[in-house]
Structure formats: C-alpha cells, structure tokens
Amino acid sequence: MTNSFNIKLRNVIEQNQSLLCVGLDPDPNITPLKDIFEFNRDIIDSTQNLVCAYKPNIAFYSALGIDGYKILEKTLRHIPKHIPVIGDSKLGDVPLTSKFHAKSMFERWGFDATTINAYGGYDSIKPFLDYRDKGIFIWCRSSNPDATEIQDLLVQPKQLSEKVMLYEWIATLANKWNTSGNLGVVVGATYPEELKKVRKICPDMPILIPGIGAQAGSLKNSVKYGIDSSGSNAIFNVSRSVIYASENTTTFQYDTRRAAEFFKNEINSNLNKSTSH
C-alpha cells in the first residue's frame, strides 16, 4: 500500500518549500481570541502556504471536554486537505488497547500521522504500524529537561555486546521495526547531540523535531543534525512561538504569519548551509 502520509508530506514540502510544522495547541488562558476554533482557524488561514504540516496536541482539546473535541473536529475540517495533520497523542498500551487507540486516531479522527509511546514493546505499537498508509512517530528523545532521568539510562539488550543509552536503543528498535516505511521518531531540538546520534542510527527515517522556539532548542543544530543525507526527512515543529506571536487581536493573523515565515526562512537558511558543505 502506498503511504499517503509520506506522499502528502513530500508534496507540500515541495509546494511550500517548507519543513515547518505548526503546533495547534490552544491554551484558553492565554489565547488572544477567546473562541478557540476562531483562534485555530486564523492560524491556519495565515500560515497554510508556509507549513509542511500541522500538529494538534490532543491534550489541549481533551482538557476542554466534549466542547474541546468539537473544536478539534471543526479545526480538522478547516485544514486544507493537501496538508498532512499529525495527531500528537503519544498513545501506547497493550495490543488490544492500542488497536482501539489506532482506530481512534486514524479512522475516527482521520489523522495522517500520530505520535506514540513504545514503552510496551513491538506488539504494543504494531496496531498503529498496520495502518501502512499513515505515519507513526515513536517518542524517542523528549525535549523536556528531565528527559535524562530515564532516557539516558544505560541498558545492555541481549542483542548488543555493550551498553547504550535507552533512547539510542529505542531508535535502534524503531529502525528495525520500520519494515513498511511508515515509521519515524520524535527527538527534541533541545538535545542536538542526541539528535545527531539518532540520525546516525536512523539514517533514512523521518524525524519529528519539537522544542524550537519557546523551549529554546537550537534551530541551527537541529537542522544540521536532523536532516538526512538528501537534506530532508525532518519536520521542525514550532507551537507557542508562532501561535502566541501576538496578543493583539487586530494584528493577530499578521503577527502569526510573520512568526511562521521567520521560522520557515530560518530553517531553510540553515538547511542551505548544511547541504552546501
């Protein structure tokens, strides 16, 4: 089966000349527009020719209850069909539960891709992988400061003769499991050296890279270490620094577009420097 997520992503990257993904993560306490759907709609309308994807984090919608899910549904309908949407859920459970998680994300909500947690091992993520036309991103190296407490643990799987860090083993397994070409990994921009290692382990897999902007991850090093040998296969997500670029309701759309344009151009500028070396 042809992977429609990969095709959509490749087409919109070429069309918009962009590797920027915008996270649609509305916090009602700080959104300049009090109607959350209107907030999302204005972001989409002002950035749709500047992005390669949108990534709504499900937590921001589920926290609003039924109303939040209605907002998410309207938001998904408003996103142009040619732009891929990554449902950021980081789900992962025993196989039967994962089967229904996958059904929810891909059939009920219709996301083109989702993020998952691989803590349960291969059989816990296989129900997601069975949707071969969809994209799946394993949470490999998170962007938060305390990621080191668990993800830097040294482990020695029976398949290896030496110890590696846990996130490196997750990347190794992800590369092994990517038999259908629909699997990628998530690595935070706040850990560029770890990103460099993961790219070496997963040379041909897409990497979703959050943590640029408000989390102060290095955009320069993320581009340098995140892209593959062809200068692609990386998606750089920015949320707060784009969607909260302005508190002014009058200039909100203009300011949001300007912020998205800034990050798109910065990514491309560093991309050109990396591929020219």
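Guide: Let's start with one detail: a polar atom of the Thr31 side chain lies 3.2 Å from the backbone oxygen of Leu33. This is a predicted model, where local features need pLDDT of at least 70 and side-chain atom pairs count only at pLDDT 80 or more, while totals for chains, interfaces and linings use all residues. Residues are numbered from 1 along each chain as its sequence is written, and side-chain values use heavy atoms, leaving out hydrogens and water.

Visitor: Is Thr31 buried or exposed?

Guide: Buried means under 20% relative accessible area, exposed over 50%, and partly exposed in between (1.4 Å probe, protein chains only). Thr31 has 2%, so Thr31 is buried.

Visitor: Which residues is Thr31 in contact with, beyond its neighbours within four places in sequence?

Guide: Contact means heavy atoms within 4.5 Å. With those neighbours left aside, Thr31 touches Pro26, Ile36, Phe39 and Tyr244. Pro26 is itself buried, at 1% relative accessibility, and its own contacts include Phe60 and Tyr61.

Visitor: How many salt bridges are found in the whole structure?

Guide: A salt bridge is a side-chain nitrogen of Lys or Arg within 4 Å of a carboxyl oxygen of Asp or Glu. The search finds ten. In one of them, Asp112 meets Lys8 at 3.1 Å, N to O.

Visitor: Which residues are linked in a network of salt bridges?

Guide: Lys55, Asp88 and Lys90 are. Between Asp88 and Lys90, the closest N and O atoms are 2.8 Å apart. Asp88 is buried at 5%, whereas Lys90 is partly exposed at 26%.

Key:
Polar contact = N/O pair within 3.5 Å; in protein donor to acceptor, adjacent residues only side chain to side chain.
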